[in-house]
Amino acid sequence: MGALEGRTVVLTGASRGIGRSLAGCLAAEGARLGICGRDKAALSELEGELGRPVVTAAFDLCFEAPALDFLAKVRAELGGIDVLINNAGFNPRKAPLVEVATEEFDSILAVNLRAPFLLMRECARDMKEKGGGHVINILSTVCHSDMETMGAYTAAKEGLRALTNVFRKEVIEDGIRVTAVYPGGTDTDFRPNSRPDYMKPSSVADAVLTALTLPEDLVVHELTFRPMVENNF
Ligand SMILES: NC(=O)c1ccc[n+]([C@@H]2O[C@H](COP(=O)([O-])OP(=O)(O)OC[C@H]3O[C@@H](n4cnc5c(N)ncnc54)[C@H](OP(=O)(O)O)[C@@H]3O)[C@@H](O)[C@H]2O)c1
């Protein structure tokens with residue numbers, strides 16, 4: 001029997017990269033999965049690969065209404081939510097802050113900060129009712145490095161770091177574990193160029209799954225890891 005048998009897990013950003021690998025790991029552990037992204041075809045293909053009933057929804061996380069509809073569909077078809085993994089994220093390009101348009105800044109904050117906030121708020125209600133749960137937020141080592149040309153993305157991830165740490169204190173009495181994951185460079189479509197010297201998305205997925213399936217008498221607050229080529233931390 002898998003470690004997540006019978007648990008309802010919501011995973012964002014499942015259509016590609018780390019999220020796609022993670023969806024496979026979670027399904028292999030028996031999780032009942034609710035997955036989302038914008039790319040409907042990629043999600044359908046993934047659903048076929050997983051070979052089990054999953055709830056999929058294609059929508060833009062910049063908008064609240066479809067996100068709430070997705071959670072309602074997950075609850076109706078799979079039951080109350082036990083685990084939320086806020087994985088979706090993006091940085092459209094590298095540019096100094098003086099070149100970033102207001103709309104671009106807003107969309108970066110909407111996906112990387114606002115959406116995880118509203119999913120945490122909504123899913124915590126299910127978890128409280130069930131007497132516990134686990135929220136995992138995928139942040140980034142940019143939180144440790146204030147990287148120039150990635151200002152809005154860094155601000156969003158650092159904002160999510162703060163929210164994650166506050167949220168952990170606020171929900172601990174409800175039995176809800178909150179884990180902040182800080183991966184370093186990973187070879188995905190996140191950036192336009194391929195980086196075979198970076199971590200494989202499947203390796204990052206393994207690390208996240210480990211944080212999720214450790215014994216229940218501990219909670220991982222923070223998990224930071226990097227590829228071996230990143231040595232200037
Ligand atoms: N790759 C790295 O080096 C790295 C390092 C540290 C942290 N991270 C973080 O790890 C997480 C996963 O990144 P990744 O490397 O796997 O990137 P990726 O391959 O670009 O995948 C990003 C995922 O997020 C989804 N997404 C992006 N914008 C969205 C939107 N507006 N609405 C809904 N879904 C959206 C994408 O789905 P659609 O395309 O279907 O919309 C996709 O499934 C992100 O939070 C990222 O910030 C990545």
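Student: Which residues are the closest to the ligand?
Tutor: Ser 15, Arg 38, Asn 87, Tyr 153 and Thr 188 are the closest, in a shell of 29 residues. Keep in mind that this is a predicted model.

Student: How much of the ligand does the protein bury?
Tutor: The protein buries 97% of the 880 Å² that the ligand exposes when taken alone.

Student: Which elements give two or more residues to the shell around the ligand?
Tutor: Helices α1 (17-28) and α5 (151-171) do.

Student: What is the shell made of, by class?
Tutor: It has 11 nonpolar, 11 polar and seven charged residues.

Student: Asn 87 was on the list of closest residues. Where does Asn 87 lie?
Tutor: Asn 87 lies in the loop between β4 (83-86) and α4. Its side chain also reaches into the protein, to the backbone oxygen of Gly 13 at 3.0 Å.

Student: Is Asn 87 buried or exposed?
Tutor: The cut-off for buried is under 20% relative accessible area. Asn 87 has 11% relative accessibility, so it counts as buried.

Student: Now the inside. How do I read a nonpolar core?
Tutor: Ask how many residues are joined, then which ones have the most contacts. The largest nonpolar core here has 38 residues. Phe 70, Leu 84 and Val 135 have the most contacts inside it.

Student: Which elements give two or more residues to this core?
Tutor: They are β3 (55-58), α3 (64-78), α4 (102-130), α5 and β6 (176-183). Helix α4 gives the largest share, nine residues.

Student: Tell me more about Leu 84. Where is it found?
Tutor: Leu 84 is found in strand β4. At 0% relative accessibility, it counts as buried. Next, compare the chain with space. Leu 84 and Val 10 are 74 residues apart along the chain, and their C-alpha atoms are separated by 4.8 Å.

Student: Can we try that reading on a helix residue?
Tutor: Take Leu 78, in helix α3. It is buried, with a relative accessible area of 13%. Thr 56 is 22 residues away along the chain, and the two C-alpha atoms are separated by 12 Å.

Student: And a helix residue that is not buried?
Tutor: Val 166 lies in helix α5. With a relative accessible area of 44%, Val 166 is partly exposed. Val 166 and Val 178 are 12 residues apart in sequence, and 9.8 Å apart from C-alpha to C-alpha.

Student: Are Cys 25 and Cys 123 buried or exposed?
Tutor: Cys 25 counts as buried, at 16% relative accessibility. Cys 123 is buried too, with a relative accessible area of 0%.

Student: Last topic: the backbone. What should I look for in phi?
Tutor: Most residues other than glycine have a negative phi. A positive value on such a residue deserves a look. Asp 146 has a positive phi of about 40 degrees and is not a glycine. Thr 149, also not a glycine, has a positive phi of about 70 degrees.

Student: Where are Asp 146 and Thr 149 found?
Tutor: Asp 146 is in the loop between β5 (133-138) and α5. Thr 149 has its place in the loop between β5 and α5. Asp 146 is exposed, with a relative accessible area of 55%. Thr 149 is partly exposed, at 31%.

Definitions and conventions. Residues are numbered from 1 along each chain as its sequence is written. This is a predicted model: local features need pLDDT of at least 70, side-chain atom pairs count only at pLDDT 80 or more; totals for chains, interfaces and linings use all residues. Side-chain values use heavy atoms; hydrogens and water are left out. Buried means under 20% relative accessible area, exposed over 50%, partly exposed in between (1.4 Å probe, protein chains only). A residue is near a molecule or strand if one of its heavy atoms lies within 4 Å of it. Accessible areas come from the Shrake-Rupley method with a 1.4 Å probe; for residues, only the protein chains shown count as cover. Helices (H or I, at least four residues) and strands (E, at least two) are DSSP runs, numbered from the N terminus. Ala, Val, Leu, Ile, Met, Phe, Trp, Tyr, Cys and Pro count as nonpolar, Asp, Glu, Lys and Arg as charged, and the others, Gly among them, as polar. A nonpolar core is a set of buried Ala, Val, Leu, Ile, Met, Phe, Trp, Tyr and Cys residues joined through side-chain atoms within 4.5 Å. A polar contact is a pair of N or O atoms within 3.5 Å; within protein, one must be able to donate a hydrogen and the other to accept it, and residues adjacent in sequence count only if both atoms are side-chain atoms.
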